[in-house]
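Thanks for coming, everyone. Let me put the structure up and walk you through it.

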Amino acid sequence: MKIPILLANNDAAFTEQLIASFQQRHPDVDVLLPGQPGSDKVQVAACWFPDDTLLTNYPNIKFIHALSAGVDHLGESLLSAGLPICRIVDERQKQGMFEYALWGVLNVHRYFDLAAQNQRQNCWQRYKQKAAQDIRVSVLGLGALGEYVAKGLADLGYSVSGWSRSQKAMANITCYSGEASLSDMLGQTDILINLLPLSPVTKGILSRKLFDQLPQGAYVINCGRGGHVNEADLIQAVTRGHLRGAMLDVFDEEPLPETNPLWTTQGIVITPHMASDAGETVVVDQVAENAARFLRGDALLNPINLDHGY
Ligand code: NDP
């Protein structure tokens, strides 16, 4: 018997890619789109920014799979429904995130950001080279992605710290946990990389209060979610020179509107939510595997903790 999966995805091009991948790799899966005959009977939903009435319209759904690493896009109604929720965790995505973070770290460590700014003014200015161990990199979030990034940077010789909810022990990484310890880490940070999930607790964490705890000249890299950043506070911290700059991959509103002042703030680098993705073959493989497991009553891979919301 085929495995029916309801694909609730607000991105039409992504939906087409996923359907083609399911057809090619998982002929045992029957993909249904909302509104198609039979979709009201499906128990498994695979989602990217689903409609917040999904569970009202499809009350037979018993298991939700995010089509991504983060689950914040599922929205409050799905996250609080008490249904099991799984997400994508992928080794290649971890490597991609490390590459993105490394680009940002090297830009700052080796002054490539300032050299690029100087070039625009035909300005020849050399900077004294520092050793990697003299650059203090702190990672917010030591989960699947944050841990990989932190370890990769530590292996390259950077002085790495990391912050998580529960206390960790990792070789060559100074680990902090809990709200009370955050300012200790921030005070010893040259480059801050955000890889937290977006939740009611972490929303807006990259705000003036946090920036003020970073040393003068620190740099911020955000690859978590746009909802982590108070954009006005960030622009202010960069333009008044407290922060050397920022590299942003994710935004409250995507695509970032052409009129958003982040585009033109000197010292801010914008990338269009491209830090790292898992690729549709990995996504369909993990969704198909978990759907089969769910219907058999087997343990699920990569479930989120419903109490924590990530
Ligand atoms: P995980 O769930 O594996 O890890 C989350 C980490 O954040 C954990 O270490 C967790 O602590 C910590 N954390 C959560 N809440 C708090 C808190 N309140 N205080 C301190 N620490 C906290 O997530 P991933 O590493 O897989 O992904 C992280 C995020 O990266 C995703 O949610 C997504 O938003 C973003 N992302 C961005 C991409 C991009 O292209 N820009 C691509 C993929 C993901 P603990 O370990 O104690 O639970």
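Predicted model: local features only at pLDDT ≥ 70, side-chain atom pairs only at ≥ 80, totals over all residues.

Residues are numbered from 1 along each chain as its sequence is written, and side-chain values use heavy atoms, with hydrogens and water left out.

Ligand first. Which residues come nearest to the ligand? Out of 30 residues around the ligand, they are Arg87, Leu145, Ser166, Lys168 and Tyr310. Being near here means having a heavy atom within 4 Å of the molecule. By type, that shell splits into 14 nonpolar, 11 polar and five charged residues. For those classes, Ala, Val, Leu, Ile, Met, Phe, Trp, Tyr, Cys and Pro are nonpolar, Asp, Glu, Lys and Arg are charged, and the others, Gly among them, are polar.

Now the atom pairs. An oxygen atom of the ligand sits 3.0 Å from a backbone N or O atom of Gly143. A polar backbone atom of Cys223 is 3.1 Å from a ligand nitrogen. Arg225 uses its side chain: a polar atom there lies 3.4 Å from a ligand oxygen. How much of the ligand does the protein cover? It covers 91% of the 940 Å² of accessible area that the ligand has on its own. Those areas come from the Shrake-Rupley method with a 1.4 Å probe; for residues, only the protein chains shown count as cover.

The most comes from α6, with three residues. Helices (H or I, at least four residues) and strands (E, at least two) are DSSP runs, numbered from the N terminus.

On to the serines. Ser39 is in the loop between β2 (29–32) and β3 (44–48). Is Ser39 buried or exposed? Ser39 counts as buried because its relative accessibility is 3%; buried means under 20%, exposed over 50%, partly exposed in between (1.4 Å probe, protein chains only). Its side chain reaches the backbone nitrogen of Gly35 at 3.5 Å. Beyond neighbours within four places in sequence, Ser39 has contacts (heavy atoms within 4.5 Å) that include Leu6, Pro34 and Tyr58.

Ser177 belongs to strand β8 (residues 173–177). Look at Gln167, 10 residues away along the chain: the two C-alpha atoms are 5.1 Å apart. Their side chains make a polar contact at 2.6 Å. A polar contact is a pair of N or O atoms within 3.5 Å; within protein, one must be able to donate a hydrogen and the other to accept it, and residues adjacent in sequence count only if both atoms are side-chain atoms.

Last, the backbone. The Glu254 to Pro255 peptide bond is cis, with omega near -5 degrees. Pro255 is in the loop between β11 (243–248) and β12 (268–270). Tyr111, not a glycine, has a positive phi near 60 degrees. Tyr111 lies in the loop between α4 and α5 (112–119).
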